[in-house]
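Subject: Structure for your review

Dear colleague,

My notes on what was found in it follow directly after.

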Amino acid sequence: MDKRVEKKKLDLGSRYLALTQDLQWTTSYQPMDKVFPYARYEGIRVHDWSQWQDPFKMTLDVWWRQQSDKERRLYAVLDAFAQNNGQIGVSDARYVNAVKLMLQVFSPLKYALHRALAHSARNLPGDALRIATQIQASEQLRHAQQTVHAASVYNKYFNGMHEVPRWYEQAWYLAPVKSFADDLASAGPFELMVAISFGFETLLSDTLFVPFMSAAAHNGDLSMVPAGFSSQSDTTRHKQAGITLVKFLLQQDSLNIATVQRWVDKWFWRSFRLMPMVAMLQDYMVPKRVGSWKESWDTYVEAPVEALFAELAAYGLKKPAGWQAACAAKDHLSHQAWNAFYGYGHALAFHTWVPGNDELEWLDRKYPNSFDRWYRPRLSYYAQCEAAGKRFHNHALPMQCQVCQQPMIFTEPGDGRWIAYRETQHEDESFHFCSDQCQTIFANEPDKYVQAQLASHAILQTSGSETTENALQASIADLGVVIGRDNGEFHGSEDDTNFTLWGGGQDMKEAQL
Amino acid sequence: MSNVFIAFQANEESRPLVDAIVADNPEAQVVYSPGLVKIDAPNRLVVKRETIEEIIGRKYDLQELQINLVTLSGNLDEDDDEFVLSWKH
Amino acid sequence: MSSIDLQTKEIKPARNTFTHVARHIGGDKPASRYQEATIGLQPTQNFHYRPTWDPAHEIFDASRSAIKLADWYVLKDPRQYYYANWTITRARQHEAVEANYSFVDSRGLLSRMTDEVRESACKVLMPLRHVAWAGNMNNTYICAYGYGTAITAPCNFHAMDHLGIAQYLTRFGLAVDDPGVLDAGKNDWLNDPRWQVLRRLVEDTLVMKDPMEMFVAQNLALDGLLYPLIYGSFVDEHLTLKGGTAVAMLTSFMPEWHDECARWVDAVVKACAAESDENKQLMTTWIQAWADRAQAALAPVAEIALGEHGQEALAEVRTTFNARIAKIGITL
Amino acid sequence: MSVTAIGAYTHEPHDTADRFTAPLLYVAWDEHMIFAAPAVVPLSMHTIMADVQSKVLPKLYGAHPEFERIQWSQVQWFCGDRMFTPKPKGTLAEHGFGHKSVLRFRTPGLEGLRGSCG
């Protein structure tokens with residue numbers, strides 16, 4: 001055969017297949033069950049792995065080229081931002097608290113996804129999926145690291161960012177995030193793929209990385225925004241992988257359907273319970289507004305998820321069990337979250353405040369059904385206390401949901417009056433939940449969730465005291481959070497006075513004139 | 001009928017992509033917000049390599065669009081010539 | 001006060017880096033992007049749930065390895081890689097690969113290669129796609145179950161590098177021959193007796209449990225002998241002499257990559273061994289055992305590649321390897 | 001259902017009564033959500049209801065402007081979902097409370113700041 005004919009360039013699809021498939025072999029010196037020890041215990045049945053392909057058909061050469069292109073741009077912007085004191089160009093120093101939350105919540109979360117995905121990426125027995133998962137694992141590390149880099153310059157000038165790893169591990173208000181991450185990491189390779197790619201990224205990640213980032217851009221954050229947009233372009237691939245993976249599992253064997261449905265139900269809700277922070281970022285923490293949380297939910301969650309599940313119905317998958325409850329919460333979520341964080345403001349590692357009058361009007365316009373009725377009176381009261389020199393603090397240790405570990409601040413779906421309580425007896429012990437969904441998640445795997453180390457309880461076990469008055473704040477102080485400097489009221493804080501001293505926000509104000 | 005959408009970082013590189021999409025998808029709606037340009041279309045949206053190449057006057061590889069891509073919704077089908085988003089129901 | 005004074009507002013930083021980073025680098029001073037993106041990223045305590053896949057351990061658990069370190073962030077990467085500079089480095093190297101492909105293409109270098117050289121190259125390189133695949137699996141394993149970002153992050157990059165190499169080899173095969181060459185390589189890998197010792201070793205690494213032992217077996221012992229033998233003795237010396245410069249050009253990434261990574265691998269092993277006699281003893285035992293096995297497994301491969309000169313070349317590679325280990329401070 | 005795991009998967013709960021100086025009681029004043037979540041207090045189950053009312057609740061909720069307007073005779077009491085009529089000298093235990101029970105009270109006519117449940 002003449003090997004000297006000129007070779008035709010392979011098309012995208014053939015090239016992807018040639019480079020991706022058939023690297024793996026059926027081992028014979030070691031049993032396949034030992035090479036892939038976690039492939040079976042979750043009960044997922046896959047008959048033909050070649051049926052799953054990466055919709056983006058990514059190969060490493062293309063990936064390196066694209067990603068380096070993104071990174072060069074991003075880090076050029078970060079360098080310029082740092083060199084030009086970009087941190088004083090943001091709209092208002094209150095905005096920096098959004099950066100703090102990004103660093104406290106999303107860098108550790110992305111890191112957790114990175115390691116959990118590495119676990120899947122080693123153990124899924126199909127070449128193509130494993131490779132896509134490895135790329136995803138790598139990109140989650142990218143997102144964790146670039147969030148740190150984007151926040152790095154802010155940390156030099158503002159408080160509330162200087163020791164995130166400890167806070168993430170132990171701070172009571174970050175426990176919902178850590179418990180989510182630990183829940184993922186303790187799952188098998190299939191479940192966590194459905195959890196991350198589908199539950200979290202497909203259903204919910206846009207709300208943070210698209211509308212919130214756009215709002216952050218509007219507030220002059222030229223550090224976190226390019227990082228956020230850039231990371232979401234990776235996530236777009238992960239979402240496509242998640243959707244195709246779920247379809248693949250449903251098609252491979254009808255016995256997979258019930259398991260996948262249970263995972264989708266669980267992880268939609270687990271992910272949804274991280275949304276209070278995202279919701280309040282958008283409605284309360286960006287001084288110059290673009291759109292509301294509710295609008296984001298409509299555009300980036302409700303519409304695409306309805307469309308997606310209309311399609312998935314043909315595969316036997318129903319909308320997540322908590323879907324109605326989640327949609328019903330859109331009028332309340334951000335307000336309940338900010339109300340809670342404001343009250344616990346002395347025991348956080350960022351600042352809180354009462355929105356200004358024009359902001360209250362904006363909230364009223366955006367939430368005609370709920371804001372004035374339920375939430376504005378609380379904010380007015382806080383403002384009144386503050387004016388009288390007695391800022392309101394909620395000193396109580398919060399009761400937490402056994403599953404999501406959020407403080408029990410959520411009202412019954414669609415209602416603003418009654419806090420939702422759910423209780424289950426398990427082996428002579430009472431367990432409490434914030435919602436039907438968390439209760440169901442517990443019922444499905446009680447032996448997992450009884451292990452939860454609820455922060456309020458842990459604080460009582462270590463302090464051993466009968467007085468709980470300052471226990472919450474003391475628990476935060478133990479983690480190196482400087483009371484009053486890293487937290488508490490924004491107005492009059494060091495961040496506030498420094499920013500004014502530096503002439504911060506002037507560019508924005510001038511631009512507005 | 002549901003919308004698919006695609007969003008790019010709003011910058012000079014995205015401009016020809018948006019123009020190409022608008023040219024190839026008569027029903028597309030373009031929405032600008034800070035830093036972001038989002039394009040919605042009922043049920044299906046196609047990005048064609050040829051159209052982009054005509055606009056920018058050079059060869060273009062559709063995989064390049066990921067550089068400025070922020071997000072999308074719909075099922076993706078990609079080959080050398082077209083990047084198609086659609087719902088199938 | 002003049003208006004000029006008002007303009008000069010002093011913007012002084014409150015701190016130079018994060019507290020947890022400052023603790024590791026000896027005080028509050030400006031830290032590198034590598035340090036800020038690495039130190040302390042992995043949680044160490046307060047895990048809520050035991051893994052369903054390994055209920056005997058915590059999610060991140062140093063006891064998965066017999067190596068004991070008071071601080072796992074002593075395992076520094078001298079290349080100071082975080083995702084961005086790693087991927088930028090690889091993209092730059094990939095541009096060089098593309099340039100080489102263009103050069104080889106434009107000069108028709110492949111068609112000037114003899115069938116003997118082409119066949120010999122394929123015979124040796126195609127089964128190595130699968131070895132690279134295992135390297136990818138094993139480094140992903142270390143990333144998942146190792147302890148501390150200082151070791152797990154570069155292992156993630158290293159895993160992707162191995163996959164890149166598997167794909168470069170595939171591309172090479174497709175460039176010099178028809179797609180059947182991949183199947184032939186896989187068939188040799190599975191059935192040719194001369195590849196079986198190596199395949200057994202590789203499969204044994206795939207079921208190892210201790211992530212640090214795996215690091216030694218894969219990244220130091222196996223790769224430390226395989227890359228110099230294949231891309232040094234075989235491709236750069238043997239094939240080039242026979243007119244196979246094109247092969248060297250199209251695989252230029254691999255030896256360059258191996259040289260770069262060897263510095264990191266050595267730094268990791270050295271830091272482990274420096275911590276305690278127990279660690280040093282473990283490292284010594286692991287290196288000795290796995291290097292001996294790798295050498296034995298590569299013996300028949302050396303013969304496929306270099307014929308009667310194979311054993312001599314392999315012995316030379318091993319001598320150089322032992323010198324490398326001695327430089328780390330470990331005597332075999 | 002049990003946890004789908006690769007091996008035996010049972011773990012001790014972290015918050016059994018023996019791990020605390022006193023059993024835990026969750027307390028909430030319905031329709032008063034400036035106290036965003038119910039409170040956790042370690043409290044002997046021998047505490048009598050009169051003391052709950054006069055010592056525990058003021059500490060938790062005394063800061064609320066409506067607190068001093070509470071007509072205690074009108075208050076509705078709940079142990080979890082179950083409404084009960086407290087006996088002032090009766091202990092929490094005698095009213096059915098135990099470790100990790102929820103004590104809620106409702107104050108008809110007082111529905112939080114401007115009726116907002118705040």
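What percentage of the 89 residues in chain B do buried residues make up? The share is 43%. Please keep in mind throughout that this is a predicted model.

**Chain B as a whole**

Chain B contains 7 strands and 2 helices, and their order along the sequence is β-α-β-β-β-α-β-β-β. Among the contacts in chain B with a separation of 6 or more, 61% join residues 24 or more positions apart.

**One residue of chain B**

B:I39 lies in strand β3 of chain B, which covers residues 36–42. Is B:I39 buried or exposed? B:I39 counts as buried because it has 23 C-beta neighbours inside 10 Å, and the cut-off for a buried residue is 20 or more. Leaving aside residues up to four places away in sequence, B:I39 touches B:F5, B:I6, B:V18, B:I21, B:A28, B:Q29, B:V30 and B:L45. One of these, B:I6, is 33 residues from B:I39 in sequence, yet their C-alpha atoms are 5.4 Å apart in space.

The contact between chain C and chain A takes 69 residues from chain C and 70 residues from chain A. Several helices of chain C give two or more residues to this side, including α4 (83–106), α6 (115–145) and α7 (149–176). The largest share, 13 residues, comes from α7(C). By class, the side of chain C that touches chain A has 35 nonpolar, 19 polar and 15 charged residues.

Chain A also touches chain D, with 44 residues of chain A in contact with 39 residues of chain D. Among the elements of chain A that give two or more residues to this side are α14 (333–343), α16 (371–387) and β3 (429–433). Here α16(A) provides the largest share, 5 residues. The side of chain A that touches chain D divides into 20 nonpolar, 14 polar and 10 charged residues.

**Confidence in chain A**

Chain A has a mean pLDDT of 94, and 96% of its residues reach 70 or more. Over residues 1–5 of chain A, however, the pLDDT is below 50, and this stretch has 3 contacts in the model beyond near neighbours in sequence.

With kind regards

Conventions:
Residues numbered from 1 in each chain as written. Chains lettered and ligands numbered in written order. Predicted model: local features only at pLDDT ≥ 70, side-chain atom pairs only at ≥ 80, totals over all residues. Contact = placed C-beta atoms within 7 Å. Helix = DSSP H or I, 4+ residues; strand = E, 2+ residues; numbered from the N terminus. Nonpolar A, V, L, I, M, F, W, Y, C, P; charged D, E, K, R; others polar. Buried ≥ 20, exposed ≤ 12 C-beta atoms within 10 Å, placed from the backbone. pLDDT = per-residue confidence, 0-100.
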